[in-house]
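Take the structure below one region at a time.

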Amino acid sequence: MRNKGEITRFTGLSIIIFLLLAELMDWLTSFYFSISEKEGFLIDLAVSFIYIAVVFFVIKGLKNAAEDLNGHKKRLKSIFDTLDVAIWSHDLKTDTLLITSGIEKLYGHSSEEFYQDNTLWKKVIHPDDLHILTEREAGLSRGEAVTSIYRIIRPDGEVRWIQDRGIPVIDENGNFIDFTSVLFDITNRQESEGRYRSLVEMSPDLIAVYSRGKLDYINEAGCKLFKAESPVDLIGQPISRLIPPDVLAHIKNRELAIGEDFEEKLWFEFKAVQLDGTEIVVEMSAMPILYEGRMAEQIVGRDLTQRKKAERTIKYMAYYDVLTGLPNRNMVRKHLKDSLSKGNERLAILFLDLDRFKIINDTKGHRFGDLLLKVVASRLKNAVKEQGLVSRQGGDEFIIVLKGLGKDQVSEIADRILEEFGTGITIEGQEFFVTPSIGISMAPEDGQDEETLIKHADTAMYLAKDRGKNNYQFYTNQLDGLSSRKMELENGLRKALEQNQLTIHYQPQINLETGEIIGVEALVRWIHPENGLISPAEFIPLAEETGLIVPLGKWVLEKAAAQNKAWQEQGYRPIPMSVNISVRQLQEDHFIDSVKQVLADTQLAPKFLDFEITESVMQNSEKTALILDQLKELGITLAIDDFGTGYSSLSLLKHFPIDKIKIDKSFVDDIIHHSNHGAMVKTIIDMGHNLQFGVIAEGVEEKEQVAFLLKNGCMVGQGYHFSKPLPVEQMEELLFNNVKHEGILQ
């Protein structure tokens, strides 16, 4: 059905044609009456034919025009129907409204609704966009074409974006007489742009556009990267303020050759300067784009400063020890490999291990241990100077590589290292003593590859340990079995607990006046199925080094407590059982709980259990005091073993809940084998009495020692003079005889 506008225009065209025909007929009539009758007949006949012809051609023309118009209308309608476009034309003088059918697709309302209410297009605008109408009407009233973008709400609630191009017509008097609006649905474009804008603004990377040497756009991440408060601080600024000239020149060269590859991306890594002057490392890509109708460059970048720093740290950690700053095992092996590849160059490898470090690290904690290692590293570098490479292998192990030196020169450097550790190391007001044991291998005679040389130096280091520590030893072929022996013992010790290879021997503690057994010390023994009895002096240090001392000590405690309870149940007189507790055991988080569990399992009264600890535990006074107080609350007796050989402070010692001190065998030996005739023993006995400690002498082997001890007030001793450590059956026999008051002083 034709709308009102179409009918009006077609009717007007028909009237014009008929008016033209009427004018033509009037002219012919006037001409007819001005000639004779005869001629008039002929003319009348001709006029009739002309009239008929004119009418025929006019009617045919009208028909063709109507058909052409209808064809144009169909084509236009087809075009408009395929596009999200509508045209709204309003003749304000005649109040004639013309609306294309596309408006139904855009707005979801029928054309009739808009004809009935020509303000409907305003009523469906989203409330948040109504402010746009004020600006729009102001522009149209001035005769300006205005493009507006706003949202509408369709009857089904869907929100669509509309682009409205309004074109006003102003007459010669300045009156607004006609208005045409072209409407487009741009929802997809707006949403796509919105998503792109969100991605750009929310991107953690710098995204920016520049053209003609100035910055046109930058996102928030870009502002943060360059420490700008807002894009306003950067937009319009020369791009050279952000990107170095050499990078810009490279991009410019690409622009000159843009015909070759418009899509080419360029990647750069460069140092940039933030607005506050801080230098950063930036990774950036650049690509040519069209921006607001002109050629521009889009750049995407990120701050690589932290990543570069991390890469440097990782690279540093790969070849250097983070704690001490010394080269690590990777660097020293690379150094050795490079040196050995040059031929028969003389090399010396010093493998160094710190004596007593593990005790300090366990008692004082890793923080003190780390501080100590830093001082050690400094002393090693001071001793070696520029003559070699000092490296840390890990833990308390160091390797020193010396080039082009003979054996005598290597010995001189080793002596300087020992001298460096002749004095104590003071950390936070506390003095610690550590000494190095050094093994040395020489190339090419002791090996021609890094693995062999390091292994042989390690082997020589264990020889230095065996020879009293704080010395150095050169590798010889006779040492080949030493390292394998250590490895064999370590592997065997791990199996010893599982395969029941461990046993306990017991050594009595004697009242020196009466000969009465007043206590027993439990001492672990390892009976290897192939190698026989392994000396505790060999496997106990290994157990402490590997951490196996913890399960080993727990096993000894369980067995000793159970045996003491069994003796009591067999009728033997109750006496305390002494058990050695290592520093590593005391540092275990659940040590107190495990002790409580042993007491609960064996039903042994705590007063029949003595714990012997070394002086080294005093070096971590705060934690040690807490643990010892808890043991004391349980009712367990505490003794300091090997007293006098450590570095405990007497001012600290008197504040610990200690019951006894045991004089080390080395001092007891001095009673008859040293010129001071036991002066140190007498001092320790007097000090123990003054501090109200019980005093026990270890390693008593001679009658003269017994007499000296009694004379100076030491009433308890143990040693081979009375009995060596005995298996359980022999110890029971000794206890039985002692019950009969036979004594064992003879």
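Strand β12 and strand β13 (residues 397–403) run antiparallel and are joined by six bridges. Within this pair, G388 of the chain stands opposite L402 in β13. Two strands count as paired if DSSP finds at least two bridges between them. Helices (H or I, at least four residues) and strands (E, at least two) are DSSP runs, numbered from the N terminus. This is a predicted model, in which local features need pLDDT of at least 70 and side-chain atom pairs count only at pLDDT 80 or more, while totals for chains, interfaces and linings use all residues. Residues are numbered from 1 along each chain as its sequence is written, and side-chain values use heavy atoms, with hydrogens and water left out.

The pair belongs to an open sheet of five strands, in the order β12-β13-β11-β16-β17, with mixed pairing. The edges are taken by β12 (388–394) and β17 (472–474), each with a single partner strand, so one side of each has no neighbour in the sheet. From one strand to the next, the twist averages 20 degrees. Axes are lines fitted to C-alpha atoms, for helices over the stretch in contact, and angles run from 0 to 180 degrees between N-to-C directions. Helix α14 (residues 407–420) lies across β11, β13, β16 (435–443) and β17, and runs at about 165 degrees to β16.

D355 is in strand β11 (residues 347–355). Is D355 buried or exposed? Its relative accessibility is 2%, so D355 counts as buried. Buried means under 20% relative accessible area, exposed over 50%, and partly exposed in between (1.4 Å probe, protein chains only). The side chains of D355 and K465 are joined by a polar contact of 2.8 Å. A polar contact is a pair of N or O atoms within 3.5 Å; within protein, one must be able to donate a hydrogen and the other to accept it, and residues adjacent in sequence count only if both atoms are side-chain atoms. Leaving out residues up to four places away in sequence, D355 touches V434, T435, P436, S437, K465, K469 and N470. Contact means heavy atoms within 4.5 Å.

Next comes helix α12 (residues 357–364). Six of its eight residues are buried, so α12 is largely enclosed by the rest of the structure. These buried residues are F357, I360, N361, D362, T363 and K364. They pack against β11, α13 (366–384), β15 (430–432) and α19 (583–587). After α12 comes G365, whose phi is positive, near 100 degrees.

There is another open sheet of five strands, in the order β7-β6-β10-β9-β8, and its pairing is antiparallel. Its edge strands are β7 and β8 (266–273), each of which pairs on one side only. Here the twist averages 35 degrees from one strand to the next. Strand β6 (residues 206–211) and strand β7 (residues 214–218) are joined by four bridges, and Y210 stands opposite L215 in β7. The two strands form a hairpin with two residues between them, and R212 in the turn has a positive phi of about 50 degrees. Helix α10 (residues 305–319) lies across β8, β9 (279–291) and β10 (294–303), running at about 135 degrees to β9.

The axes of helix α23 (residues 665–673) and helix α25 (residues 703–711) come within 9 Å and cross at roughly 105 degrees. The two helices are therefore roughly perpendicular to each other. Angles under 35 degrees count as roughly parallel, over 145 as roughly antiparallel, 65 to 115 as roughly perpendicular and the rest as oblique. V668, D669, I671 and I672 of α23 meet E704, Q705, F708 and L709 of α25.

T546 lies in helix α17 (residues 536–546). With 26% relative accessibility, T546 counts as partly exposed. Apart from neighbours within four places in sequence, T546 is in contact with E490 and R494. The C-alpha atoms of T546 and R494 are separated by 9.8 Å, although the two residues are 52 residues apart along the chain.

Finally, the whole chain. The protein chain has 26 helices and 26 strands. Of its 746 residues, 44% are buried. Among contacts between residues at least 6 apart in sequence, 59% join residues at least 24 apart.
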